[in-house]
Amino acid sequence: MARKVYVREIYFYLICVIALIVFIIGIVNLADNITNYVNPVTYSSRPQVLPMYKEQYPDMSAEQIEAMVQEEMDNSLRYEKNIALRGIIRGVLMLVISIPLFAFHWRGAQKIWASEKD
């Protein structure tokens, strides 16, 4: 005799699949952002920024311009690290949400499965 499949059981398994997908995305997101936090990539470099400052502030000394360039580079690194830290938090939240979501719905689906066997 064929086993009867309930809509509630399908719902539980569907939520389990969604939780697994969120878990995988969370792990990838977490790994990517940890990498970006440890080794941030900035798209501005000293050779790009220095000529702009020299052109924009021709009356400033080389030391003042160098200090401004260094500050620009430091701000760029801080910005990239800040974005990576937000991504790390987002990845951890995805993991924290998906694990209990999966566990709860998996147990519910298994209870329905076990009750049908009896």
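**Exercise 1. Phenylalanine 12 and its ring partner**

Task: Is phenylalanine 12 buried or exposed, and how are the rings of tyrosine 11 and phenylalanine 12 arranged?

Solution: 
- Step 1. In this predicted model, phenylalanine 12 has 5% relative accessibility. Buried means under 20%, so phenylalanine 12 counts as buried.
- Step 2. The ring centres of tyrosine 11 and phenylalanine 12 are 5.7 Å apart, and the planes meet at 55°. Edge-to-face needs over 60 degrees and stacked needs under 30, so this pair is tilted.
- Step 3. Tyrosine 11 is partly exposed, at 43% relative accessible area.

**Exercise 2. A ring pair between helices**

Task: Classify the aromatic pair of tyrosine 13 and tryptophan 106. Which helices hold the two residues?

Solution: 
- Step 1. Centre to centre, tyrosine 13 and tryptophan 106 are 5.7 Å apart, with 75° between the planes. The pair is edge-to-face.
- Step 2. Tyrosine 13 belongs to helix H1 and tryptophan 106 to helix H3, so the pair ties together parts 93 residues apart in sequence.
- Step 3. Both residues are partly exposed: tyrosine 13 at 26%, tryptophan 106 at 37%.
- Step 4. Ring pairs link Tyr13 and Trp106 with Phe102 into a cluster.

**Exercise 3. The nonpolar patch**

Task: Which residues make the nonpolar surface patch, and which element gives the most to it?

Solution: 
- Step 1. The patch covers about 660 Å² and is made by Ile34, Tyr37, Val38, Leu85, Ile89, Leu93 and Ile97.
- Step 2. Helix H1 (7-38) and helix H3 (62-117) each give two or more residues. H3 gives the most, with four.
- Step 3. Take tyrosine 37, placed in helix H1. Its relative accessible area is 34%, so tyrosine 37 is partly exposed. A patch residue needs over 30%.
- Step 4. Lysine 81 lies over the face of tyrosine 37, 5.1 Å from the ring centre.

Definitions and conventions
Residues numbered from 1 in each chain as written. Predicted model: local features only at pLDDT ≥ 70, side-chain atom pairs only at ≥ 80, totals over all residues. Heavy atoms only, no water. Patch = residues over 30% accessible without salt bridge, like charges linked within 9 Å, V, L, I, M, F, W, Y side chains within 5 Å. Areas by Shrake-Rupley, 256 points an atom, 1.4 Å probe, with all protein chains shown as cover. Salt bridge = Lys/Arg side-chain N within 4 Å of Asp/Glu carboxyl O. Buried < 20%, exposed > 50% of the residue type's maximum accessible area, 1.4 Å probe, protein only. Phe/Tyr/Trp six-rings, centres within 6.5 Å; stacked < 30°, edge-to-face > 60°. Lys NZ or Arg CZ within 6 Å of the ring centre and 35° of its normal.
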